[in-house]
Amino acid sequence: MLEKTFVMQPETRMLYKLIILYILDKVDFPMTNVQITNFLLEKDYTTYFNTQQTLSDLVDDEFIRRETLNNTSMYRITDSGRETLSFFQSSVSLAIRTEIDQYISENRYNLREEVSAPAEYFEVKQNEYIARLQVLERGLAIIDLNLIVSSKEAADHICTQWKKKSSDIYGYIISSLLFKEKPKEKE
């Protein structure tokens, strides 16, 4: 039986690389593998496997940098990647660049929130889970909170809520700790 192998043509491979570089150049935060892959798949630009191969090639070429946080791969464009993009950006059609610009413009807040408030949980022993909740700013954890709970469901719920309410909770903690309480009036 003959096995079919799909090899990307060099021009196609270069276009995928430039598209990813263009996407990462348009944001000031790292993007996850899932975010990049979902965009490329939603627009029918390429397949999942081509996307993964292209990301790997870009890391190997040092055009992007992979960071891993909480078992999630995130990518940032490097100076070398920006320089390469500046030379070849016109190879990406205006229609594709416009689609990317529009997508980033419409989804910037959600994309940033996904990577700035990670939450995960893991079992430490039977019926004991730790929900690890963070707020990240410029790659640094400005809050890192671990909560111990007695069920997987509770840990999962806390992580889900954190993704929705992390900025409110962070704001509450900061204001509670920084500002003096008003003295209570004597009766």
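Tutor: Let us begin with a definition: a salt bridge is a side-chain nitrogen of Lys or Arg within 4 Å of a carboxyl oxygen of Asp or Glu. The general idea is that side chains of opposite charge can pair when their charged atoms come close. Please keep in mind that what you see is a predicted model. In this model, Arg65, Glu67 and Arg76 are linked in a network of salt bridges.

Student: How far apart are the closest N and O atoms of arginine 76 and glutamate 67?

Tutor: They are 3.0 Å apart, and the two residues form a salt bridge. Glutamate 67 itself is partly exposed, since its relative accessibility is 22%.

Student: How many salt bridges does the structure hold?

Tutor: There are seven of them. One of these joins aspartate 57 to arginine 13, with 2.6 Å between the closest N and O atoms. Aspartate 57 belongs to helix α3 (residues 48-60), whereas arginine 13 belongs to helix α1 (residues 10-25), so this pair ties together parts that are 44 residues apart in sequence.

Student: Are these two partners buried or exposed, or something in between?

Tutor: To answer that we need a cut-off: a residue is called buried under 20% relative accessible area, exposed over 50%, and partly exposed in between. Aspartate 57 is therefore buried, because its value is 11%, while arginine 13, at 25%, is partly exposed.

Student: Which residue forms a salt bridge with aspartate 61?

Tutor: Its partner is lysine 17, and their closest N and O atoms are 3.1 Å apart. Aspartate 61 sits in the loop between α3 and β2 (64-69), and lysine 17 sits in helix α1, so here too parts that are 44 residues apart in sequence are tied together. Aspartate 61 has a relative accessible area of 35% and is thus partly exposed, whereas lysine 17 counts as buried at 17%.

Student: Now I would like to step back to the chain as a whole. How many helices and strands does the protein chain have?

Tutor: The secondary structure comes to six helices and six strands. If you read from the N terminus on, the elements follow one another as α-β-α-α-β-β-α-α-β-β-β-α. Of the 187 residues in the protein chain, 36% are buried. The chain exposes about 12700 Å², and carbon and sulfur atoms supply 51% of that area.

Student: How should I read a sheet?

Tutor: In general, strands of a sheet pair through backbone hydrogen bonds, either parallel or antiparallel. In this model, three strands form an open sheet in the order β4-β5-β6, with antiparallel pairing. At the edges are β4 (119-125) and β6 (140-149), each of which pairs on one side only. Neighbouring strands of this sheet are turned against each other by 20° on average, direction ignored.

Student: Over how many bridges do β4 and β5 pair?

Tutor: β4 and strand β5 (residues 128-137) pair in the antiparallel sense over six bridges. Lysine 125 stands opposite glutamate 128 in β5.

Student: Which helix lies across β4, β5 and β6?

Tutor: That is helix α6 (residues 152-178), which runs at about 30° to β5.

Methods: Residues are numbered from 1 along each chain as its sequence is written. This is a predicted model: local features need pLDDT of at least 70, side-chain atom pairs count only at pLDDT 80 or more; totals for chains, interfaces and linings use all residues. Side-chain values use heavy atoms; hydrogens and water are left out. Two strands pair if DSSP finds at least two bridges between them. Helices (H or I, at least four residues) and strands (E, at least two) are DSSP runs, numbered from the N terminus. Axes are lines fitted to C-alpha atoms, for helices over the stretch in contact, and angles run from 0 to 180 degrees between N-to-C directions. Contact means heavy atoms within 4.5 Å. Buried means under 20% relative accessible area, exposed over 50%, partly exposed in between (1.4 Å probe, protein chains only). Accessible areas come from the Shrake-Rupley method with a 1.4 Å probe; for residues, only the protein chains shown count as cover.
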